[in-house]
Amino acid sequence: MTHLALALLLVVLIHQGCFHFHVEAGDGFIRTRGVHFLLNGSPYYANGFNAYWLMYTASDPSQRPKVSAAFREAASHGLTVARTWAFSDGGYRPLQYSPGSYNEQMFKGLDFVIAEARSYGIKLILSFANNYDSFGGKKQYVNWARSRGQYLSSDDDFFRHPVVKGYYKNHIKTVLYRYNSFTGIRYKDDPTIMAWELMNEPRCTSDPSGRTIQAWIAEMASFVKSIDRNHLLEAGLEGFYGPSTPQRNSLNPGLKIGTDFIANNRIPGIDFATVHAYPDQWLSSSNDQNQLSFLNNWLDTHIQDAQNILRKPILIAEFGKSWKYPGFSTYQRDLLFNTVYYKIYSSAKRGGAAAGGLFWQLLTEGMDNFRDGYEIILGQPSSTANVIAQQAHKLYQIRKVFLRMRNVERWKRARATRARRVHWRGGNGGKRIGN
């Protein structure tokens, strides 16, 4: 689609009421209105990446150039958002040694990540905890409670036990009130942070009814919002449908994990929905064609449901294709990326709910120990890097059209205001009225 055709389409959509312009304070925080992200009153699209390793790497000052290189390469390809961990619980080089006891060196690593992202114009989504055992996860929280005399029968008691929930809330509070040692800004007041995430891929297989996760998200969303009303919040969901929409359950890739895409994202404190997409993992015995067919259906349905049922933006917060699976080819990876990106772009240009995508995962040179099969190294020329840059350019064109139209709206309002003033002055001969 040419830029002129895109501009004409957006003009039509604006007149049809798909977009609304509002003049807002330019405070730099991402907000939502309806199914759109807004930055300073104009639509915003989150084209970015996952890099869970940022804090861990930055905690060693000698390794910080890798963080800077990652942000520099991302920015040069037009990427605007990074999702990363604000947790590392117990174990080797933790952020949290034990409940309420923190590693200042690791926290300074996170401080650096936020400061460096700010300098490159990249927004951050920071996750508070992990469902899985890596970097501690819910298992570590449960073990902490057990070591202090609490009886817990399952790692899923993370979502139920008041002591464990207290530990988790304390971590949230500690992160939100943290003063950044590089910028002097509290995290909860820093617009570099786009959103908080309650947990990376929460799962509660012991309660497939979904009630446990539903209650936990509602409680924790309310807690976060009681401290921080500046930032957006999302739950970290993979997008699996649950009991609230039984007609959708056949879309799930055979997993029953106790979450519910519709019910969980309807919780008032959750500002936008997320969906993950790993056809190569979820349908590992299927061929590329079947995996791509699943991906198309998976994304179409979630985008439609975000638009029509949730009426909130949706972010494709993780997607990728691993070279470790048999039959991998760069062509198939590019096809997957192009499929995801096309769904986002075609929705965005029509005023729809798809608000961006974050591929898994970004690395930079000299990080072989972090390779997991999904890595993209933008410093190494590749067709996939070109696909990523092209998507960034396309979404930028949409935003640029909106910025121009917003300036026109401002000019019209200013002209109307001046006309009213001239009329008022002319009506009374330019004299003061009253005493």
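Helices (H or I, at least four residues) and strands (E, at least two) are DSSP runs, numbered from the N terminus. This is a predicted model, in which local features need pLDDT of at least 70 and side-chain atom pairs count only at pLDDT 80 or more, while totals for chains, interfaces and linings use all residues. Residues are numbered from 1 along each chain as its sequence is written, and side-chain values use heavy atoms, with hydrogens and water left out.

**Ile 30**
- Ile 30 lies in strand β1 (residues 30-33).
- With a relative accessible area of 1%, Ile 30 is buried (under 20% relative accessible area, 1.4 Å probe, protein chains only).
- Leaving aside residues up to four places away in sequence, Ile 30 is in contact with Phe 37, Leu 38, Leu 39, Tyr 44, Lys 123, Met 194, Asn 230 and Leu 232 (contact: heavy atoms within 4.5 Å).
- Asn 230 is 200 residues from Ile 30 along the chain, and their C-alpha atoms are 8.6 Å apart.

**Largest cavity**
- There is one cavity of 30 Å³ or more (a set of points on a 1 Å grid over the protein atoms alone where a 1.4 Å probe fits but cannot get out).
- The largest cavity holds about 70 Å³ (the space filled by probe spheres set on the points, which are joined across faces, edges and corners).
- Its lining (residues with an atom within 4 Å of a point) includes Pro 279, Asp 288, Lys 321 and Gln 332.
- α10 (288-310) and α11 (330-348) each supply at least two lining residues, and α10 gives the largest share, four.
- The lining divides into five nonpolar, two polar and two charged residues (Ala, Val, Leu, Ile, Met, Phe, Trp, Tyr, Cys and Pro are nonpolar, Asp, Glu, Lys and Arg charged, the others, Gly among them, polar).

Notes. Buried means under 20% relative accessible area, exposed over 50%, partly exposed in between (1.4 Å probe, protein chains only). On a 1 Å grid over the protein atoms alone, a cavity is a set of points where a 1.4 Å probe fits but cannot get out, and a pocket is an open set with protein on both sides within 12 Å along at least five of seven lines; lining residues have an atom within 4 Å of a point.
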